[in-house]
Amino acid sequence: MSISTPCSREDLIVPQYAFVPDAWTTTFQEGLLADKSEIVGKRLLEVGVGTGAMAIFGLTKLEVAHYYGSDLDPNLPTLASQNIERICPDEASRFMPILGSTNLLTPVDKNNRSIILETDIVIACIPQAIRPPDKEVCFDDLAHYYPGNLFENYQFNSLALGLNEALLEQFMSVVRETKDYNKRIYLNIAGRVGLENIKELFKSHGLTSEIVHQVVIPQCPSTSLQFFVDIETASTDNAFKCEFYSDPEGNCQISANEAEKRRLQKDPVFHKLYVIKGIPQLNSVNLNQFLITFLDCIRQQLAQLYKNRESSPLLPYYN
Ligand SMILES: C[S@@+](CC[C@H](N)C(=O)[O-])C[C@H]1O[C@@H](n2cnc3c(N)ncnc32)[C@H](O)[C@@H]1O
């Protein structure tokens with residue numbers, strides 16, 4: 001499915017510190033549109049609003065009642081407001097930036113907590129890569145990486161999904177506090193660590209997961225896949241294989257090892273990207289035992305890797 005976005009990249013103001021909307025953004029839009037009947041007329045909060053590209057789409061195409069936008073980078077909710085004012089001024093009154101820095105669902109200004117409690121739908125496309133120790137910090141670093149060492153207590157941090165896991169945990173705590181099990185969460189998640197494991201992530205926090213959209217997209221050629229190679233190596237019995245593809249249709253699956261070799265040779269590599277709806281359930285379910293053992297094994301290896309790193313390499317993460 002191809003959809004036209006209401007704004008081209010040229011219309012958006014995208015400073016160096018903001019994420020440039022790309023295939024991930026378009027996929028997320030397509031996924032939400034496919035599930036529009038669940039979203040129309042609701043109060044929606046986007047965690048990691050960036051430039052406001054998704055917000056412009058939500059306001060103009062999804063007919064949300066209110067669109068709240070928050071971000072860890074305190075500059076971005078204001079930037080999103082400015083972009084919305086310029087590009088779709090008639091819809092701007094339904095956009096509410098959550099000002100300041102908001103780490104997932106934890107705003108600096110505690111008064112904003114009530115907005116979060118009242119939200120019907122949370123959406124997020126947030127980093128699924130742990131910041132490599134030796135990588136130079138880039139301007140839009142927060143859009144691509146998260147500090148793995150701050151998420152060591154999350155089991156799925158071992159698959160670079162610690163930040164998403166923390167969001168699911170916080171979302172479920174809002175669901176339980178408000179007793180509103182009609183709330184929904186939509187995540188844009190790469191399939192590199194395998195769909196079955198991603199489903200376990202949702203299940204372990206008391207949500208069933210429904211794939212509302214999926215595509216195969218090119219892996220960013222400048223991103224090292226070493227982390228994924230490492231987790232394959234950690235699986236001593238070779239039981240764990242990441243899901244990359246050598247073809248754009250996603251028919252020829254290759255391991256991370258092969259994918260990294262191809263990338264270094266400048267051959268294209270692809271992976272799946274899923275838009276997943278999380279549906280809260282009353283009871284949480286235990287993880288399967290094989291996965292727990294495997295995640296623990298990788299966790300120990302990552303802990304070795306993090307040992308010599310600063311505890312918080314980048315602001316504005318806070319407790
Ligand atoms: C990949 S960008 C997506 C931006 C926007 N949704 C889009 O598609 O154009 C991820 C965004 O998440 C924000 N982010 C990263 N870590 C976050 C956190 N812990 N809490 C809230 N936002 C975060 C980044 O600053 C960035 O704006």
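How many residues of the shell around the ligand are nonpolar, how many polar and how many charged? The shell divides into 15 nonpolar, 6 polar and 2 charged residues. Here Ala, Val, Leu, Ile, Met, Phe, Trp, Tyr, Cys and Pro count as nonpolar, Asp, Glu, Lys and Arg as charged, and the others, Gly among them, as polar.

This is a predicted model, in which local features need pLDDT of at least 70, side-chain atom pairs count only at pLDDT 80 or more, and totals for chains, interfaces and linings use all residues. Residues are numbered from 1 along each chain as its sequence is written.

**Around the ligand**

- Among the 23 residues around the ligand, the nearest are Phe-19, Thr-25, Gly-48, Gly-50 and Leu-72. A residue is near a molecule or strand if its C-beta atom, placed from the backbone, lies within 6 Å of it.
- Two or more residues of this shell come from each of α3 (53–61), β4 (102–103) and α6 (141–144). Helices (H or I, at least four residues) and strands (E, at least two) are DSSP runs, numbered from the N terminus.

**Helix α1 with helix α3**

- Two packed helices are described by the angle between their axes and the distance between the axes.
- Helix α1 (residues 23–34) packs on α3 at an angle of about 25°, and the axes are 10 Å apart. Axes are lines fitted to C-alpha atoms, for helices over the stretch in contact, and angles run from 0 to 180 degrees between N-to-C directions.
- The helices α1 and α3 are therefore roughly parallel to each other. Angles under 35 degrees count as roughly parallel, over 145 as roughly antiparallel, 65 to 115 as roughly perpendicular and the rest as oblique.
- The crossing of α1 and α3 is right-handed. A crossing is left-handed if the near helix is turned anticlockwise from the far one by less than a right angle, and right-handed if clockwise.
- From α1, the residues Thr-25, Phe-28, Gln-29 and Leu-33 make the contact, and from α3 Ala-53, Met-54, Phe-57 and Lys-61 do. Two residues are in contact if their C-beta atoms, placed from the backbone, lie within 7 Å.
- By class, the contact of α1 with α3 has 5 nonpolar, 2 polar and 1 charged residues.
- Thr-25 belongs to this contact and is also one of the residues that come nearest to the ligand.

**Helix α3 with helix α4**

- The axes of α3 and α4 cross at roughly 45° and come within 9 Å.
- That angle is why α3 and α4 are oblique to each other.
- The crossing of α3 and α4 is right-handed.
- Ala-55, Ile-56 and Leu-59 of α3 make the contact with Ala-80, Asn-83, Ile-84 and Ile-87 of α4.
- This contact has 6 nonpolar residues, 1 polar and no charged.

**Helix α9 with helix α10**

- Helix α9 (residues 226–234) packs on helix α10 (residues 256–264) at about 150°, and their axes are 8 Å apart.
- The two helices, α9 and α10, are therefore roughly antiparallel to each other, and their crossing is left-handed.
- In α9, Gln-226, Phe-228, Val-229 and Glu-232 meet Ala-256, Asn-257 and Glu-260 of α10.
- The contact of α9 with α10 has 3 nonpolar, 2 polar and 2 charged residues.

**Residues with positive phi**

- Leu-104 is not a glycine, yet has a positive phi of about 55°. Leu-104 sits in the loop between β4 and β5 (106–107).
- Leu-104 counts as buried because 21 C-beta neighbours lie inside 10 Å. A residue is buried if 20 or more other C-beta atoms lie within 10 Å of its own, exposed if 12 or fewer, and partly exposed in between; C-beta atoms are placed from the backbone.
- Ala-160, also not a glycine, has a positive phi of about 65°. Its place is in the loop between α6 and α7 (162–178).
- Ala-160 counts as buried, because it has 23 C-beta neighbours inside 10 Å.
- Within helix α8 (residues 195–204), the buried residues are Asn-197, Ile-198, Glu-200, Leu-201, Phe-202 and Ser-204.

**Residue pairs apart along the chain**

- Gln-82 is in helix α4 (residues 76–87) and counts as partly exposed, because it has 15 C-beta neighbours inside 10 Å.
- The C-alpha atom of Gln-82 is separated by 8.7 Å from that of Gly-52, 30 residues apart along the chain.
- Glu-177 is in helix α7 and counts as exposed, because it has 11 C-beta neighbours inside 10 Å.
- Glu-177 and Leu-117 are 60 residues apart along the chain, and their C-alpha atoms are separated by 8.3 Å.
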